[in-house]
Amino acid sequence: MNDNQQDEIHVTEHIYLSPATTDYAKALYHIIDSNRVFFSQFMAWPKFVKCESDTANFLADCFVKHQRDQTKTYVILHNNLPVGLLSFNYIDKNNKTAYLGYWLDSKAQGKGIITQAIQALTHHYAVKKIIKRFVIKCAVTNLKSNQVAKRCGFDYEGTLKQAEYLNDAFYDQNIYSLISNYI
């Protein structure tokens with residue numbers, strides 16, 4: 001078993017999380033490209049991903065940071081096919097806090113994949129006593145992301161006014177947290 005397989009997180013019979021590597025660049029770039037308009041409503045980065053090598057470079061950087069425990073980025077696989085990413089975009093080691101980010105192919109949405117993946121990821125790191133506090137920040141207008149946080153058991157903590165600048169406008173951001181009982 002290689003290091004990546006040891007770091008995989010089993011979610012369900014059909015869903016698992018695998019550390020992001022350049023092996024997934026082609027499939028993930030295709031998802032990004034076909035969802036570009038949809039993703040751009042809520043995230044700034046899609047406009048900067050112009051070719052498969054941009055995705056490969058991003059994944060290579062994620063892999064290095066994953067190995068160094070600076071961030072954790074996982075490819076979400078459904079029936080062994082990549083359908084999105086789930087990550088700890090920032091880990092505050094001193095406070096055992098991780099900030100989650102995620103995106104999912106629009107074709108894979110509405111099936112509970114992201115909800116189950118987040119629950120498995122947070123459980124995995126909570127049980128290992130690595131992370132105590134998990135945080136999701138999302139635009140107030142991103143109704144799907146707000147619902148995901150609630151379905152995953154995250155508590156609403158408040159709203160940051162004009163905290164996110166996207167598409168030449170400022171958006172209020174809701175903050176949700178999940179506190180582990182394992183630590």
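Which residue in β8 does Asp 155 stand opposite? In this predicted model, Asp 155 faces Ser 177 of β8.

**The sheet**

That pair belongs to an open sheet of 8 strands. The order is β1-β2-β3-β4-β5-β6-β8-β7, and the pairing is mixed. Strands of a sheet pair through backbone hydrogen bonds, either parallel or antiparallel. The edge strands are β1 (9–10) and β7 (155–166), and each pairs on one side only.

| Strands | Bridges | Opposite residues |
| β6 and β8 | 7 bridges | Cys 138 and Asn 174 |
| β7 and β8 | 8 bridges | Asp 155 and Ser 177 |

Strand β6 spans residues 133–139, and β8 spans residues 169–179. The strands β7 and β8 form a hairpin with 2 residues between them. There, Asn 167 takes a positive phi near 55°.

**A helix across the strands**

Helix α2 (residues 25–34) lies across β3 (72–78), β4 (81–92) and β5 (97–104). The helix runs at about 90° to β4.

**A pocket**

The second largest pocket holds about 200 Å³ of space. What is the make-up of its lining? The lining residues divide into 6 charged, 4 nonpolar and 1 polar. Among them are Asp 7, Asp 69, Lys 72 and Lys 128. Ile 91, His 124 and Tyr 125 also line this pocket.

Conventions:
Residues numbered from 1 in each chain as written. Predicted model: local features only at pLDDT ≥ 70, side-chain atom pairs only at ≥ 80, totals over all residues. Heavy atoms only, no water. Pairing = 2+ DSSP bridges. Helix = DSSP H or I, 4+ residues; strand = E, 2+ residues; numbered from the N terminus. Contact = heavy atoms within 4.5 Å. Axes fitted to C-alpha atoms, helices over the stretch in contact; angles between N-to-C directions. 1 Å grid on protein atoms, 1.4 Å probe; cavity = no way out; pocket = protein on both sides within 12 Å on 5 of 7 lines; lining within 4 Å. Points joined across faces, edges and corners; volume = space filled by probe spheres on them. Nonpolar A, V, L, I, M, F, W, Y, C, P; charged D, E, K, R; others polar.
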